[in-house]
Amino acid sequence: MAAHPRRAELERLLAERILVLDGAMGTMLQAHKLGEADFRCEALADHGVDLQGDNEALVLSRPELIEAIHDAFFEAGADIVETNTFGANAVAQADYGLEPLVAEMNRRAAQIATRCAATWTRRTPDRPRFVAGAIGPTPKTLSISPSVDDPAARSLGFDELCAAYREQVDALIDGGVDILLIETIFDTLNAKAAIAAVLDGRRERAISLPLMISVTIADRSGRTLSGQTVEAFWTSIAHADPLCVGINCALGATEMRPFLAELAAVAPVFVSAYPNAGLPNAFGGYDEGPETTARLLAEFARSGLVNLVGGCCGTTPDHIRAIARAVQGVPPRALPEPDTTAAHFSGLERLSLRPDSGFALIGERTNVTGSRRFMKLIQRGDFAAAAEVALDQVRGGANILDVNMDEGMLDSPQAMTTFLNLIATEPEIAAIPVMIDSSNFAVIEAGLKCIQGKGFVNSISLKEGEQDFLAKARLVQRYGAGVVVMAFDESGQAESVPRKVEICERAYHLLTEVAGFRAQ
């Protein structure tokens, strides 16, 4: 895969100095007191749904306003601006009936921002400017049920969400962005759908467009809305090999700091922080002034926590100007060495397996081939009682939960999906990683689409040859899971230690050097 022409330039700059991201597009637009007519271009004059509030539609109806905001942030000292595409995906745009215009929105937004960036780069050739294609969350989530009466229900599926993100990714690339930015992540499974869309798009175009990822912490507990800790979040998305990972939105800089420090300690990539201008007031506004935000972010910089800073809700060009001045000359965070002494997995929390960790306990009673009681519960459709079996395993000390639905009388992919969706809503169970166990790869893939953490696949082998092995490995990698490799190859099962070593070394080489797995 060819490197994107500006990736090396970004990597060099992030290592040399702290770069500055822009502030809040939404805050700037709200200041203009726009009315319904502002959101309607000529083609939408007779559109039957109110469009006021659909900020992404403004790239079609008021492109000059969007460009002026980009220009203001560049003038204030931003090195990178985000496209006005935070909600420019089919899931979010369905609220306005504008799904058919999603691709055009993203292309136009990218073209507006890149034109502005090119103008500033010509003015200051010693300080190049960049555009990040903003990929925000959707109003729907893959990890949380919309119904209190049916915890296993979901508003949409992984494939549907991934397709929506893929449409956005393709259009942003067509529009010329330098970076793709998956941001304001509140559900890691949603983020994994967006990551899959990016990985698919980059592979098909054979170009390694830089990827940035930013999570939002829901409150002072230090967890996402879907329940993950910061360490578990990083573990879940590390397979994307992002240029930069960070935290934005939800919290102001003061409340964000301890969680940013956690992320900076575990992520061997560049780190970003773009907080809100403090916490919202009683009216939903933000009162923190530019100097306060700048002072707090400067402390992040002096403490060696960041490579990229900016602002989220409530931040204006004045905030960005103050931030840029405050971090000027402060050395950027030095990247830590990757932790290759452990293999890391996650549910809502992180599990690290090291040579001196001792045995990890795998709960296998949630396996229809290993537990008659569990099998009967699943056959009856009593998933609530089956979840109690999982809970007993966790309370009994299981570090990993093995789930197998291979039974001839079951719709195994559907049973796997229902059960994993259900236990995802039970924090005590969801805290630990899941091992998806099946001899049917369709069942394995169904399971991978349900877990927001980094789980395991049990298993793959070289029994059917290298091409089959790599196809399965790449699919597992797309979803961000690890693999258990069985000691089989084309000649059959290994029956001696030297044969086992030979097969394992061959599989390891294929996984790390060809399929893109991290060597950990």
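## The sheet and strand β4

Strands β4 and β5 pair in the parallel sense over four bridges, where two strands pair if DSSP finds at least two bridges between them. Strands (E, at least two residues) and helices (H or I, at least four) are DSSP runs, numbered from the N terminus. The model is predicted: local features need pLDDT of at least 70 and side-chain atom pairs count only at pLDDT 80 or more, while totals for chains, interfaces and linings use all residues. Residues are numbered from 1 along each chain as its sequence is written, and side-chain values use heavy atoms, with hydrogens and water left out.

Strand β4 (residues 130-135) is mostly covered, with six of its six residues buried; buried means under 20% relative accessible area, exposed over 50% and partly exposed in between, with a 1.4 Å probe and protein chains only. In a regular strand the side chains alternate between the two faces of the sheet. On one side of β4, Phe 130, Ala 132 and Ala 134 are buried, and on the other Val 131, Gly 133 and Ile 135 are buried.

## Aromatic pairs

The structure holds three aromatic pairs. Rings of Phe, Tyr and Trp (its six-membered ring) pair if their centres lie within 6.5 Å; planes under 30 degrees apart count as stacked, over 60 as edge-to-face and the rest as tilted. Phe 345 and Phe 456 are stacked, because their ring centres are 3.9 Å apart and their planes are at 20°. Phe 345 lies in strand β11 (residues 343-346) and Phe 456 in strand β16 (residues 456-460), so this pair ties together parts 111 residues apart in sequence. Both Phe 345 and Phe 456 are buried.

Phe 374 and Phe 419 form an edge-to-face pair, 5.3 Å centre to centre with 80° between the planes. The former lies in helix α13 (residues 372-380) and the latter in helix α15 (residues 412-423), so the pair ties together parts that are 45 residues apart in sequence. Phe 374 and Phe 419 are both buried.

## Cavities

There are two cavities of 30 Å³ or more. On a 1 Å grid over the protein atoms alone, a cavity is a set of points where a 1.4 Å probe fits but cannot get out, and lining residues have an atom within 4 Å of a point. Grid points are joined across faces, edges and corners, and a volume is the space filled by probe spheres set on the points.

The largest cavity has a volume of about 170 Å³. Its lining has 16 residues, of which Ala 424, Ala 430, Val 434, Ile 451 and Gln 452 lie nearest its centre. Helices α15 and α16 (427-430) each supply at least two residues of this lining.

The second largest cavity holds about 50 Å³ of space. Residues including Gly 136, Pro 137 and Tyr 165 line this second cavity. β5 gives the largest share of its lining, four residues.

Notes:
On a 1 Å grid over the protein atoms alone, a cavity is a set of points where a 1.4 Å probe fits but cannot get out, and a pocket is an open set with protein on both sides within 12 Å along at least five of seven lines; lining residues have an atom within 4 Å of a point.
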